[in-house]
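Below is a briefing on one protein model, arranged by topic. Please read it alongside the sequence and the coordinates.

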Amino acid sequence: MADRRTLLADAALAVVSAQGLKGLTHRAVDAQAGVAVGTTSNYFRNRAALVAAAVDRVEEQDNRLLQQGALEVPTSVPALAGQLATAVMALAHENAELTRTRFVLALDQPDAVAAGHERMLSALAQVLETMGIPDARARAEAVADYSDGLALHTLTARRGQSLQPKVVASNIQRLLEG
């Protein structure tokens with residue numbers, strides 16, 4: 001069972017996904033979490049602390065998703081592209097609420113989200129360097145840009161259209177190979 005802070009942070013994510021940041025209040029989180037009025041303010045004293053908890057929770061959830069199915073570091077570009085495609089598809093479909101929330105937070109609080117994005121980019125660049133892929137940082141940025149763009153379009157302009165895993169993996173592979 002999740003601790004109280006995690007429960008409240010998850011409730012904050014649900015509120016942001018459904019109502020945007022304007023709907024994120026301590027009372028809304030209390031209601032979403034099914035706890036007594038005032039509970040959220042006991043854990044997160046002000047709105048800035050509540051937003052920071054939501055940003056941290058999004059990063060935790062994104063990292064969990066990126067690590068699912070990646071039991072070992074891939075040894076080939078196609079294997080890595082497949083793992084990344086699986087993660088992108090999970091973010092765009094079964095974890096769409098989390099992705100919507102990440103985009104809302106990123107648009108409203110870009111500085112708060114930037115640090116987590118940099119950690120993700122650095123980790124991917126390190127994997128690429130370990131695999132001997134040249135221009136690792138630039139390729140990691142290209143993959144992140146493609147992945148975020150694809151997830152955004154899947155939630156908006158291409159809503160209801162299914163992604164083809166092989167096509168996504170092929171596109172990521174091309175970005176990795178240059």
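Helices (H or I, at least four residues) and strands (E, at least two) are taken as DSSP runs and are numbered from the N terminus. This is a predicted model, in which local features need pLDDT of at least 70 and side-chain atom pairs count only at pLDDT 80 or more, whereas totals for chains, interfaces and linings use all residues. Residues are numbered from 1 along each chain as its sequence is written, and side-chain values use heavy atoms, with hydrogens and water left out.

**Fold and dimensions**

- The protein chain holds 9 helices and 0 strands, so that its elements, read from the N terminus, run α-α-α-α-α-α-α-α-α.
- For 178 residues a compact globule would have a radius of gyration near 16 Å, and the 17 Å of the protein chain agrees with this; the radius is taken over C-alpha atoms, and the globule rule is 2.2 Å times the number of residues to the power 0.38.
- The C-alpha trace spans about 55 × 35 × 30 Å along its principal axes.

**Packing and surface**

- Of the 178 residues, 43% count as buried, a term that means under 20% relative accessible area, against over 50% for exposed and partly exposed in between (1.4 Å probe, protein chains only).
- Where contacts (heavy atoms within 4.5 Å) join residues at least 6 apart in sequence, 66% of them link residues at least 24 apart.
- The protein chain exposes about 9,800 Å², of which carbon and sulfur atoms supply 53%; accessible areas come from the Shrake-Rupley method with a 1.4 Å probe, and for residues only the protein chains shown count as cover.

**Arg57**

- Arg57 lies in helix 4, which covers residues 47-67, and it counts as buried because its relative accessibility is 14%.
- The side chains of Arg57 and Asp10 are joined by a polar contact of 2.5 Å, that is, a pair of N or O atoms within 3.5 Å, of which, within protein, one must be able to donate a hydrogen and the other to accept it, with residues adjacent in sequence counting only if both atoms are side-chain atoms.
- Leaving aside residues up to four places away in sequence, Arg57 touches Thr6, Ala9, Asp10 and Leu13.

**Gly20**

- Gly20 is placed in the loop between helix 1 (4-19) and helix 2 (26-33), and its relative accessibility of 18% is why it counts as buried.
- Although Gly20 and Leu105 are 85 residues apart along the chain, their C-alpha atoms are separated by 8.7 Å.
- Gly20 touches Val15 and Val104, again not counting residues up to four places away in sequence.
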